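Look over the sequence and the model first.

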Amino acid sequence: MSFELTVLGSNAALPSFGRHLSAQILNVDSSLFLIDCGEGTQIRMMDFKIKMNKIERVFISHLHGDHILGLAGLIMTLGLQGRSKPLYIYSPSGLERIIDVQLDGNYAFPVHFIVTDTRKKGLLFENKSVEVFSIPLLHRVPCNGFLFVQKTKSPNMRKDKITEYKIPYNKIIEIKNGADFLTQKGQVIPNSELTVIPAPPLKYAYCSDTAYFKEIIPMVKGVDLLYHEATFMHDLLDKAVKTMHSTARQAAEIARRAEVKKLLLGHFSARYKNLSPLLDEAKLVFENTLLSVEGLTLSI
Ligand SMILES: [Zn+2]
């Protein structure tokens, strides 16, 4: 069971200092989800040996160029590689028109555009492993983040108990669903003795781009990993407010108030060569903070 994040790009607006534009790959049980697709995303996937044809779904936060300009190129490459299976792209309204113009309406395989409602949390997609929700964000254009929630697994059967009580195969599903077991001698074995509670479902939240927006706190409460944009340091708060971005301190404040387990900072302004001061600023508010490192895969 995998639930792993690889950051492909961590910069805001333009590439700088070896950092690239927003894009991430989330691998959930071998289904690949692409989150945002800045210019050069396909190159980054080649750099990090991501099998791009395995991408099933693309989740786009908003239509600013630094989050979408890699998409037409990626779709073209997938077509040239002979892709036939569909690609599903979730985004605020308007993306289909932009991609249509760039590709002149020529798609080599089915591409489905699904429009998100950026004003409220909503379920976008689910399969047997995961549910994906949109989260409203506060930016200069309609924008949403995404919340990926692993599905709760049923309890695991204890193999030693199957042998000990000679539990027939046809009873195992019932026991996994919570039933006790009645032995041939009439002894009731409680379910708690027969099963192991699985680990709680993992959660990953992606929040970029956004001004400080306390309304998201209940939506990302307790997530295992929160990616929150930290375009500026707090001495540039005026600039952050004006451009509707966040500072590192504000990102940490959201993490602290939402009691998340870990915070991942990203979407760094091209003015910062050294990112350590952003990390230090965030850590003063929320200790368990990391900087996005492109190419590094985090197990969530
Ligand atoms: Zn933006």
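The points below cover the model's basis, then each topic in turn.

This is a predicted model; local features need pLDDT of at least 70, side-chain atom pairs count only at pLDDT 80 or more, and totals for chains, interfaces and linings use all residues. Residues are numbered from 1 along each chain as its sequence is written.

**Y90**
- Y90 sits in strand β5, residues 87-91 (strands are DSSP E runs of at least two residues, helices H or I runs of at least four, both numbered from the N terminus).
- Y90 is buried because 23 other C-beta atoms lie within 10 Å (buried means 20 or more, exposed 12 or fewer, partly exposed in between, with C-beta atoms placed from the backbone).
- Beyond four places in sequence, Y90 contacts R57, F59, I60, I114, T116 and L124 (contact means backbone-placed C-beta atoms within 7 Å).
- V58 is 32 residues from Y90 along the chain, yet their C-alpha atoms are separated by 6.2 Å.

**V115**
- V115 belongs to strand β6, residues 111-115.
- V115 has 13 C-beta neighbours inside 10 Å, so V115 counts as partly exposed.
- Not counting residues up to four places away, V115 touches P92 and S93.

**Helices α3 and α4**
- Helix α3 (residues 71-80) packs on helix α4 (residues 95-103) at about 55 degrees, axes 10 Å apart (axes are lines fitted to C-alpha atoms over the stretch in contact; angles run from 0 to 180 degrees between N-to-C directions).
- α3 is therefore oblique to α4 (under 35 degrees is roughly parallel, over 145 roughly antiparallel, 65 to 115 roughly perpendicular, the rest oblique).
- L71, A72, I75 and M76 of α3 meet I99, Q102 and L103 of α4.

Conventions. Contact = placed C-beta atoms within 7 Å.
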